[in-house]
Amino acid sequence: MSPDVMSPDAKSSIIDISKEDAEKFSLTSLRFKHRFAESGLFEDDALAELIETYPGHLMTVYTTTQQPDGSYLWRYGSISGLTGEQVLEAIQHGHLWLNLQHIEDAAPRHAALVQRAFGDIANLNPGLRTFRHNTGILISSPDMSVLYHCDIPPIALWHIRGRKRLWLYPDTDEFLSPENRERVVLREQEEEVPYSPSFDQHAKVFDLEAGDAVAWKQQAPHRVDNLDGLNVSITTSYYTPEAQRFYGVVFANGAMRRLLGVTPTSRNTTGVAAMAKCAFAAGIKYSGLLKSRERVLQTSFQVDPREELGYVELGAPQGA
Ligand SMILES: [Fe+2]
């Protein structure tokens with residue numbers, strides 16, 4: 001373990017990013033380097049201990065099952081009764097995805113790495129203000145994929161172990177229609193959005209190794225294929241004042257389409273119209289007029305390292 005990486009007083013940067021790129025952080029897609037692994041927090045033993053001590057309500061395990069129509073169903077499972085080592089073993093050879101959510105609340109030493117990285121970026125870009133950081137640690141099997149989707153806030157991905165391929169698509173209506181963007185922001189649907197393989201020729205493809213980081217523009221559609229090895233990554237969603245305005249404008253556009261029957265034509269985040277939209281969005285949110293649907297998590301499998309896929313079904317699989 002490098003004491004420098006773990007020290008809150010460390011002078012050296014935990015990331016390697018140019019000033020020019022730091023000044024574009026959150027505005028476009030960027031690739032840079034980080035040194036999170038030097039903390040020793042992501043070795044097998046440390047991960048096993050983290051899993052064992054992590055609050056259960058902030059930890060979710062998934063698998064995906066292909067449906068007759070070719071689509072993939074995400075299902076939630078349980079790791080109850082297992083040691084952290086057994087969970088890691090199941091993920092290593094199975095078909096599983098473990099998400100340790102809100103490390104700001106539950107894993108302060110891990111969260112400190114992310115805070116240092118954001119601090120380093122802000123040192124190079126003093127005008128950057130980020131807030132509402134929400135960071136998760138993702139531990140996933142060598143063959144897992146995350147289908148085409150868009151997240152609501154901007155994202156930074158800090159890749160730590162294994163190899164994965166990130167496909168990042170242009171943030172235009174052709175790749176994400178205004179209606180679908182609004183549905184995601186209004187939380188009327190999961191983050192998955194319609195995808196065509198023809199999109200791939202327009203994607204930026206990032207093959208990520210340990211120590212690579214990528215940050216991209218808010219709501220840019222993307223998908224991820226793990227390539228090999230146990231994959232360990234950290235993802236941080238965050239807001240900037242600009243990202244918060246963009247959220248407000250897209251939310252307002254969706255609300256106007258639903259409540260007023262008009263077709264919004266702009267996602268500009270500056271000027272009087274944008275300010276009015278943000279105020280309108282805040283009013284609608286507080287009124288509960290377009291209340292998002294609660295997502296009910298139903299457990300349908302139990303993680304089991306003795307099984308080939310790393311789990312056993314609990315009763316009949318959903319959607320079968
Ligand atoms: Fe994502």
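Tutor: Asp-151 and His-222 are both buried. Keep in mind that this is a predicted model.

Student: Which residues coordinate the iron ion?

Tutor: The donors follow the spacing H-x1-D-x70-H along the chain. Asp-151 lies in the loop between β7 (145–149) and β8 (155–168) and His-222 in strand β11 (residues 222–239), so this pair ties together parts that are 71 residues apart in sequence. At 2.1 to 2.2 Å, the iron ion is held by His-149 (NE2), Asp-151 (OD) and His-222 (NE2).

Student: What does Phe-36 touch, apart from residues up to four places away in sequence?

Tutor: With residues up to four places away set aside, the partners of Phe-36 are Ile-14, Phe-42, Leu-113, Val-114, Ala-117, Trp-158, Ile-160 and Ile-234.

Student: How many residues apart in sequence are the parts tied together by Glu-313 and Arg-75?

Tutor: The structure holds 15 salt bridges. In one of them Glu-313 pairs with Arg-75, the closest N and O atoms being 2.8 Å apart. Glu-313 lies in strand β13 (residues 311–313) and Arg-75 in strand β4 (residues 72–78), so the parts tied together are apart in sequence by 238 residues.

Student: Where do Lys-217 and Asp-171 lie?

Tutor: Their side chains meet in a salt bridge (3.4 Å, N to O). The pair links distant parts of the chain, 46 residues apart. Lys-217 is in the loop between β10 (212–216) and β11, and Asp-171 is in the loop between β8 and α7 (178–185).

Student: What is the relative accessible area of Asp-171?

Tutor: Lys-217 is partly exposed, with a relative accessible area of 37%. Asp-171, in contrast, is buried. The relative accessible area of Asp-171 is 18%.

Student: Which residues do salt bridges with shared partners join into one network?

Tutor: Arg-223 forms a salt bridge with Asp-225, the closest N and O atoms being 3.4 Å apart, and both residues are buried. Salt bridges that share partners make one network of Arg-31, Lys-33 and Asp-212.

Student: Which residues is Asp-304 in contact with, leaving aside its neighbours within four places in sequence?

Tutor: Asp-304 lies in the loop between β12 (299–303) and β13. At 8% relative accessibility, Asp-304 counts as buried. Beyond its neighbours within four places in sequence, Asp-304 is in contact with Ala-90, Gly-310, Tyr-311 and Val-312.

Student: Which residues make the nonpolar surface patch of about 240 Å²?

Tutor: One of them, Leu-260, is found in helix α8 (residues 241–260). Leu-260 is exposed, with a relative accessible area of 54%. The patch is made by Leu-259, Leu-260 and Val-262.

Notes
Residues are numbered from 1 along each chain as its sequence is written. This is a predicted model: local features need pLDDT of at least 70, side-chain atom pairs count only at pLDDT 80 or more; totals for chains, interfaces and linings use all residues. Side-chain values use heavy atoms; hydrogens and water are left out. Patches are made of residues with over 30% relative accessible area and no salt bridge: like charges are joined within 9 Å, nonpolar side chains (Val, Leu, Ile, Met, Phe, Trp, Tyr) within 5 Å. Accessible areas come from the Shrake-Rupley method with a 1.4 Å probe; for residues, only the protein chains shown count as cover. A salt bridge is a side-chain nitrogen of Lys or Arg within 4 Å of a carboxyl oxygen of Asp or Glu. Helices (H or I, at least four residues) and strands (E, at least two) are DSSP runs, numbered from the N terminus. Buried means under 20% relative accessible area, exposed over 50%, partly exposed in between (1.4 Å probe, protein chains only). Donors are N, O and S atoms within 2.8 Å of the metal (3.2 Å for Na, K and Ca); water is not among the atoms, so sites may look incomplete. Contact means heavy atoms within 4.5 Å.
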